[in-house]
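Good morning, and thank you for the time. I would like to go through one structure with you, and I shall begin by putting it on the screen.

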Amino acid sequence: MAAKPPTSNMPDSVSQHHLTDFSDRFSPMLVKELRQGMRTNLFTIAFILLQAFMVLCVLIGASAPGDSSAVSGFFWFFVVVTLLIVMPIRGFSALTSEMQLNTMDLIQLTRMGAWRMTFGKWAALVAQSLLLVCGILPYLVMRYFFGGIDLFNEILALFSLFVVSMLFTAVTVGFSAFRSVLLRSVIVIVLLILSLNVFGIRMVANLGLASSGATTGNVVWGYLSALLTALYLMWFMLDLGASRIAPEADNHATRKRLAAFAFGFVFLLIPLTGIEAIPFLLITGITWTLVCIDALTERPSVLPSLLRPFSNPWYRRPFVMLLTPGWPSGLFFYLFCALVYAAALWLHGLIGGISIDLQEIQAIVSCAALVLFPLIPIHLFFRKVTEPASLFGIYLLIQICAGVVGFFLMIMAEETGVKDVAYLFAPLPATTLFASMAGAEEIAHVIAAAALALIAIILTIVRGMPWYRDTIRVMAVQRDRSRS
């Protein structure tokens, strides 16, 4: 007797039709996060409340078309809160939740890498934010007919907020790889402050791009550079989170550092076409600082699989001290970027005929030393810390403490009126930077900041000597094997 085919307990409507809500070409992590995220109470409540407030704003604008500033402020306030606060905060525990549920090892057994997992969680949150943006668009059109607003500037502002929301979401998802709740809370507080500043800038500007007096070329270059910077920072933050949860054999450092240098080098060359150089210099300095901080807090590794690409051919060998994972090579990458950036400052000053005074020199040297200063207490008192998350948290804590000391010294100097003496009580890089901002430029401050930077460099090189020796030994072994 033939065996009966197994019967299914699924309903006929489900067994006869496949689930076609998402294509199989999408990442499994993206599909999972989208299905779960759109069913959460936070997303549902945020979507319903946003729609209710949008309807209320349109009704108020239709009843009082002359009072558009108050209605516009009320309208954009809830848009900013939803896109820049509510949605990015949902990525607060995106990667940490996988660690707490002990599913990270199971995911790593599949073909899904750390980057695909991080990108899937971010893309799911961005897709939900896009759904909110699509729900806002009809109300912009109704406000255009009822309130007489500039529809183009309103859509441009909404697009800009969506890009910023994507960036903030990438920041929270990237930093969710760190287990420390305090560290992630600091990031959320910073995002709240930035969100309020964005809302304030949006209200002050009042969508007056056309009446700002800026040329069309400068406005276009400004938007393109801002968009390109936001896209790069999104990628960097996601790669930062992926590198913190990836296995030790995965090399994310080379890709991050090469991309950062290429991005900054292009932005340093753009002002040579005649565009104002200061915005591009600031963007390059900020992005390179973020990448260098990540490089200075990476866990060193001498795995042969990581060093094999630098063993042969011969012209790749010098780059092992710049592009391999770990803080020993991160120090040399930072020094290389600082040298290129200093050369760019000198070149733009020479072309533009701008002379750099003592106050600017003090600010530049203080900023350079500020990045290196936390390495002194880290390598003196936290030698046994090897986890990248703990190392980054200690680095951030030292920076916050130094910033608080410099801030209080600035207040004391302003109250007492003895700026030159007050800042010498704690000649930290943060203190000398605040002194240059307050107009208390002194050659002693420059010497103090440069001395601390030199101490940090020497101490880091000494602490990294075992890594340098092991790296040279492993590369020599790999060269011998390739010859044989």
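Predicted model: local features only at pLDDT ≥ 70, side-chain atom pairs only at ≥ 80, totals over all residues.

Residues are numbered from 1 along each chain as its sequence is written, and side-chain values use heavy atoms, with hydrogens and water left out.

How many disulfides does a search of the whole structure find? The search finds zero, a disulfide being a pair of cysteine sulfur atoms within 2.5 Å. For cysteine 292, the closest cysteine sulfur belongs to cysteine 337 and lies 4.4 Å away, which is too far for a bond. Cysteine 292 is buried, at 2% relative accessible area, where buried means under 20% with a 1.4 Å probe and protein chains only. Cysteine 337 is also buried, at 3% relative accessibility.

Now the helices, which are DSSP runs of H or I of at least four residues, numbered from the N terminus. The axes of H11 (residues 253–269) and H12 (residues 278–296) come within 9 Å and cross at roughly 165°; axes are lines fitted to C-alpha atoms over the stretch in contact, and angles run from 0 to 180 degrees between N-to-C directions. H11 and H12 are therefore roughly antiparallel, the term for angles over 145 degrees.

Contact means heavy atoms within 4.5 Å. Residues of H11 including Phe261 and Phe265 meet residues of H12, among them Leu281 and Trp288.

How values were computed:
Buried < 20%, exposed > 50% of the residue type's maximum accessible area, 1.4 Å probe, protein only. Helix = DSSP H or I, 4+ residues; strand = E, 2+ residues; numbered from the N terminus. Parallel < 35°, antiparallel > 145°, perpendicular 65-115°, else oblique.
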